[in-house]
Amino acid sequence: MEDENELIRRFQRGEERAFEEIVAMHRERVYGLAYRWTGNAEDALDLSQEAFLRLFRILPRWKPRAKLSTWLHRVVVNLAIDLSRRASRRRSIPLSEIREQGREAKMNVVSPGPGPRECAAGGEILERVRAAVDRLPERQRAVFVLRHYQGLSMREIAEALRCSVGCVKAHLFHALRRLRRELDPLQLGGKM
Amino acid sequence: MRCRKASREIPAYLYGELAEGKALSLREHLERCSACSEECESLRSLVSEIKEEEVRYPEGWAWDRYMGSLWARIAKDRVRTGPARVPRWRPALALAGALAAVVLAVYALRGGWPTSQEGKVALTPKPSEERVVEIAQRSSGEEALTGEEYMDEMERAVDESLLAAGLLADMEFPEGDYLEDFFSEEGVPNA
């Protein structure tokens, strides 16, 4: 496959078809990240296309200092966080319900949901894992998804999220501890 | 290595990203510290058990459709934002620069800012009040100027005041359709 920088140069010379090759090069990773964040194909398509649209806008001025994949990961994470925030704003929860949830959380660290027996089916366990990942704070969630599912190195994650490697390590550690706390009662035993 | 540092390095160790030297000192610490060792083992089993969720990727022709709808989205975005890919402030900056050049040229040619009798800056001379009243009377009186004629008269009055202030050269245009010498039928300047 042609070198990424050469494709960018071709695009900058006015050859817009080179953009299709760039998209083909990155689409699975970008779509995959969007899918893992949103959990559905429709939002993943929308989000990944929005990321490529932004790439199309910026490509004429692109300087080969950073890797396209790093930039795309950052854009997808930011778009996904925006989407999650918009979705949570739309979901208006009455104050009494929030108070009740807080009381339950104090009494039981594990969030309410089906117990281990109910989660015997693998699909349900996957759902619980997804829900636990969804509940992680934004930065922890981003670091966990990029490392665990996308396979990025900690240095690449630090570049994508514009923070230090130490910060990535700390977020990942807290994310893992939190996931363990939430998923322990499921007695995973290789079912996830 | 202390516990605090060890716990920070555990995730990198579990994902195989810890440099050999650091990994060695972490292993030594884990052998000595049962709390960190337990922590490490429980996180190791978590990492190994959270399997990758299957992603439903578009297949074959669906990627073509994906690219097609991406092009459509790009086209729509171009209509919304305009075809120019230069930053929006650039044309405005160029226009401001050109205007500044004109103002400076006027300043240089006249040896100072053009001023009215009261000594105020008068870069945009207005037609005299008598002239405006005259045009208004002609418009509402017997002549009953149309809107277009009224605007022509006002423009002429403005030109007169610019000429009087020395800001407009009294140009004479050649006879005939002289623009044909400069522009082709399509309106493109001739070489």
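1. A:Lys169 and its neighbours. Leaving aside residues up to four places away in sequence, A:Lys169 touches A:Met154, B:Arg8, B:Glu9, B:Pro11, B:Ala12, B:Leu18 and B:Lys22. The model is predicted. A:Lys169 sits in helix H9 of chain A, residues 165-183. Its side chain makes a polar contact of 2.9 Å with that of B:Glu9. A:Lys169 counts as buried because its relative accessibility is 11%, and buried means under 20%.

2. The interface as a whole. Contact involves 44 residues of chain A and 36 residues of chain B. The two chains bury about 4,300 Å² between them. Carbon and sulfur atoms carry 59% of that area. Between chain A and chain B, 16 residue pairs are in polar contact, both residues at pLDDT 80 or more. On the side of chain A that touches chain B, the elements giving two or more residues are H2 (17-38), H3 (41-58), H6 (122-134), H7 (138-149) and H9. H2(A) gives the most, with ten residues. By type, this side of chain A divides into 21 nonpolar, eight polar and 15 charged residues.

3. Salt bridges between the chains. Seven salt bridges cross the interface of chain A and chain B. The count over all chains is 21. One of the pairs joins the side chains of A:Arg147 and B:Glu17, at 2.3 Å from N to O. Side chains of opposite charge can pair when their charged atoms come close.

4. B:Arg73 and A:Glu50. Their side chains form a salt bridge at 3.0 Å, N to O. This pair crosses between chains, from helix H4 of chain B to helix H3 of chain A. A:Glu50 is buried, at 17%. The pair also belongs to a network of salt bridges that links A:Asp46, A:Glu50, A:Arg54 and B:Arg73.

5. Helix H9 of chain A again. The side chains of B:Glu39 and A:Arg180 meet in a salt bridge at 3.2 Å, N to O. B:Glu39 is in helix H3 of chain B (residues 34-49) and A:Arg180 is in helix H9 of chain A, so the pair joins two chains. B:Glu39 is buried at 14% relative accessibility. A:Arg180 is buried too, at 16%.

6. A bridge within chain A. A:Arg135 and A:Glu182 pair through their side chains at 2.6 Å, N to O. The two residues are 47 apart and link distant parts of the chain. A:Arg135 lies in the loop between H6 and H7, and A:Glu182 lies in H9. A:Arg135 is partly exposed at 37%, whereas A:Glu182 is buried at 11%.

7. Helix H4 of chain B. H4(B), residues 61-81, has 21 residues and reaches 30 Å from its first C-alpha to its last. That is close to the expected 30 Å. Its buried residues are B:Ala62, B:Trp63, B:Tyr66, B:Met67, B:Leu70, B:Trp71, B:Ile74 and B:Asp77. They pack against H2 and H3 of chain A. From H2 of chain A, A:Glu20 touches B:Met67 and B:Trp71, not counting residues up to four places away in sequence. A:Glu20 counts as partly exposed, at 23% relative accessibility.

8. Chain B overall. Chain B has seven helices and zero strands. Buried residues make up 24% of its 191 residues. Among its contacts between residues at least 6 apart in sequence, 39% join residues at least 24 apart.

Key
Residues are numbered from 1 along each chain as its sequence is written. Chains are lettered from A and ligands numbered from 1 in the order in which they are written. This is a predicted model: local features need pLDDT of at least 70, side-chain atom pairs count only at pLDDT 80 or more; totals for chains, interfaces and linings use all residues. Side-chain values use heavy atoms; hydrogens and water are left out. Helices (H or I, at least four residues) and strands (E, at least two) are DSSP runs, numbered from the N terminus. Buried means under 20% relative accessible area, exposed over 50%, partly exposed in between (1.4 Å probe, protein chains only). A polar contact is a pair of N or O atoms within 3.5 Å; within protein, one must be able to donate a hydrogen and the other to accept it, and residues adjacent in sequence count only if both atoms are side-chain atoms. Contact means heavy atoms within 4.5 Å. Buried area is the accessible area (1.4 Å probe) that two parts lose on being put together, summed over both. A salt bridge is a side-chain nitrogen of Lys or Arg within 4 Å of a carboxyl oxygen of Asp or Glu. Ala, Val, Leu, Ile, Met, Phe, Trp, Tyr, Cys and Pro count as nonpolar, Asp, Glu, Lys and Arg as charged, and the others, Gly among them, as polar. The expected span of a helix is 1.5 Å times one less than its number of residues.
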